[in-house]
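Dear colleague,

I am passing the structure on to you here, and below it I set out what was found. Please read the notes with the model open beside them.

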Amino acid sequence: MLESILLTIATAATPLLLAAIGELVVERSGVLNLGVEGMMLMGAVIGFGAALSTGNPWIGVFAAIVAGMLFSMLFAVLALSLATNQVATGLSLTLLGVGLSGMIGEAFVGQPGVKMAAIYIPGLTDLPFGRLFFGQDPLFYISLLLTAGVAWFLFRTRAGLTLRSVGDSHSSAHALGIKVIPIRYAAVAFGGACAGLAGAQMSLVYTSQWIENMTAGRGWIALALVVFASWRPGRVLLGAYLFGAITILQLHVQAMSVNEIAQWTGPFAFVPEIGRWLLGALKAVPTQFLSALPYLATVIVLVIISRNRRLTLINTPASLGRPFVPDR
Amino acid sequence: MRIELIKRPQHSKLFAALSPFIAFGLTVIAGSILFLFLGKSPTAGLYAYFIAPLTEVWSLHELAIKAAPLILIGVGLSVCYLSNNWNIGAEGQFVIGAVFGAMLPILVPSIQQSPVALPVMLVMGALGGALYAAIPAFLKARFNTNEILTSLMLVYVAQLILDWLVRGPWRDPAAMNFPQAPRFTGYAVLPELMPMSGRANLGIVFALVAAMLVWVLVNRMLKGFEVRVIGMSPRAGKFAGFSATKMIFFAFLLSGALAGLAGVSEISGAIGRLQPSISPGYGFAAIIVAFLGRLNPLGIVAAGLVLALTYLGGEAAQISIGVSDKVARAFQGMLLFFVLACDTFIHYRIRFASGRAGGQANA
């Protein structure tokens, strides 16, 4: 029971982690792309369609990455080459993504999709908790490798240092001869690829079907995670699993029967009354309030993080969201 | 090839006036390509979207019904965006406005026989929207929390609250387990303007009045000057003695109240009752309206009509040429994209340089 809960938490956390780690790189380069939700939806629908028509989930994953990347380039041309307001441009990318994905995906609604199989290593997967470490879908491992890779790249390589310098002061970087705009293009493309991959995880692993607007705000939660993590990859990992846990626990409580709740609250029921009270309280909460938990948690977490104004100031990339027009 | 931006010495008045039209033209071109991809005739598609709804009186009424919430929300958002407050949760404020407005007639049904019902509902609706917008405003003012993310998260919460109410405590017992609240009657119904020819109701009047009042506020009053100074440079605003904190509340409460008013007008007029889904994304489409109208209330009235046309055209095209009504959402997204791109030309000239000049290619 515990293992299966942990497994579902990992599956719920992976899209958040993928999307957030991509956006982290984008924001570290000084660009705020609010289009994550739209890019995820495009990745989800294109990935689903490609996997469905070829029967191969890996082609779906590849198509989703390309779709996310191409879609992010729409944002890049406007926000980077034409120096438009990044907030408004990111929003329009999300609105466009919601519209386009709904249109493209109309033919896929209700169709059984292709599910990406979990890996199986004889011996290891059969160990206790082996499925957790050696028996998940490949995207789970990719998300962890990607997080480690981004942490290494940003803080252990020269290129990463350059990217961070562009995000902290684009004018100084430009004066040093660093090519600000191309670096930001690359960062936005990486963010788009990650968001596309996150979308593919939703439509090929998490549900293996296409539902309109299926990301249900996860792109926005990923944006909040980057703030929560104060732009650090390790903390993004922590945050993604925290939110994965909240999502899954509220789903479990919604689905549980009274007997199951009794089983779970059992250890806490030192006094029978407390156990009965807990049981009644959990069942009395309308399901809609449980569904609202991830969104409310996002607000609360953001408040807690941003309360400390100095800490936020130190960590925020100083050029975040400011358009850059080189003067010659 | 590289794109180089060259700052204009002064912003171009020509492009400031033309950019929404160029953007609309580009959207039409992109739309034609989209129709070709869908295997439909572009002329038939564009006719169904942008001309057909204007040819009949009843559909002009529908246009007014759809434009009303878009304009109401859009003018409120324009004040927010001018003052650099990014309220993108108008959809949630719309929903909570509807919930607050519906509270009285649902809990005290007898009030619907009294003429005070409607004014009370409208005030309650505006109050509900303003209160809901006060949450991200307070969090931004007090804790410096990013208002974009909080206001958006609260949209999902608002929709769940509405869902709970109409499936739970406010469900109409006579509705055969259908998740909907009782239909409004008597004085709780928003009056129609010309019942003989169509359904258009007072909502569009509210929208036009709100647009005029906000225009006066922004262009003819000190408060409007304050909005713009703080929006352009919070530092300059500080030196002028304007409070950025008060401005956060002003912008959010105003836009929230207008979104709430739009919400209660929608359920008391066009829909007639509270139900699980009461908006086809008006709160988000209004963001496009605000930008297409160049954040100017009078421009927003025109932009609201254009966006309302895409909603109507979407429904019409589904019937007449068999394309999904989802295409309308794609159209709306493209429109905002092109508007933002065209706005660049107001402040910059564009030069295409060959790749060698800067030593790199960046497209």
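**A helix of chain B**

Helix 12 of chain B (residues 297-320) has 24 residues and reaches 34 Å from its first C-alpha to its last, close to the 34 Å expected at 1.5 Å a residue, where the expected span is 1.5 Å times one less than the number of residues. Helices here are DSSP runs of H or I with at least four residues, numbered from the N terminus. Helix 12 of chain B is mostly covered, with 17 of its 24 residues buried; a residue is buried if 20 or more other C-beta atoms, placed from the backbone, lie within 10 Å of its own. After helix 12 of chain B comes Gly322(B), whose phi is positive, near 70°.

Please keep in mind that this is a predicted model, in which local features need pLDDT of at least 70 and side-chain atom pairs count only at pLDDT 80 or more, while totals for chains, interfaces and linings use all residues. Residues are numbered from 1 along each chain as its sequence is written, and chains are lettered from A and ligands numbered from 1 in the order in which they are written.

**Helix pairs in chain B**

Helix 1 (residues 13-37) and helix 13 (residues 326-347) of chain B pack at an angle of about 140°, with their axes 8 Å apart; axes are lines fitted to C-alpha atoms over the stretch in contact, and angles run from 0 to 180 degrees between N-to-C directions. That angle makes helix 1 of chain B oblique to helix 13 of chain B, since angles under 35 degrees count as roughly parallel, over 145 as roughly antiparallel, 65 to 115 as roughly perpendicular and the rest as oblique. By class, the contact of these two helices has 19 nonpolar, three polar and one charged residues. In this scheme Ala, Val, Leu, Ile, Met, Phe, Trp, Tyr, Cys and Pro count as nonpolar, Asp, Glu, Lys and Arg as charged, and the others, Gly among them, as polar.

Helix 10 of chain B (residues 244-271) packs with helix 3 of chain B (residues 57-82) at an angle of about 170°, with their axes 7 Å apart, and the two are therefore roughly antiparallel to each other. Their contact has 17 nonpolar, three polar and one charged residues. Helix 10 of chain B also packs with helix 5 of chain B (residues 117-143), at an angle of about 145° and with the axes 6 Å apart; the residues of that contact divide into 19 nonpolar, nine polar and one charged.

**One residue of chain B**

Ile106(B) is placed in helix 4 of chain B (residues 90-107) and counts as buried, with 22 C-beta neighbours inside 10 Å. Leaving aside neighbours within four places in sequence, Ile106(B) is in contact with Trp170(B), Ala181(B) and Pro182(B), contact meaning that the C-beta atoms of two residues, placed from the backbone, lie within 7 Å.

**Chain A and where the chains meet**

Helix 11 of chain A (residues 233-255) has buried residues that include Pro233(A), Phe243(A) and Ile248(A), and its buried residues pack against helix 1 (2-28), helix 6 (138-156), helix 10 and helix 14 of chain A.

Between the chains, 45 residues of chain A are in contact with 41 residues of chain B. Helix 4 of chain A gives the most to the side of chain A that touches chain B, with twelve residues, and the residues of that side divide into 28 nonpolar, 13 polar and four charged.

With best wishes

Definitions and conventions. A residue is buried if 20 or more other C-beta atoms lie within 10 Å of its own, exposed if 12 or fewer, and partly exposed in between; C-beta atoms are placed from the backbone.
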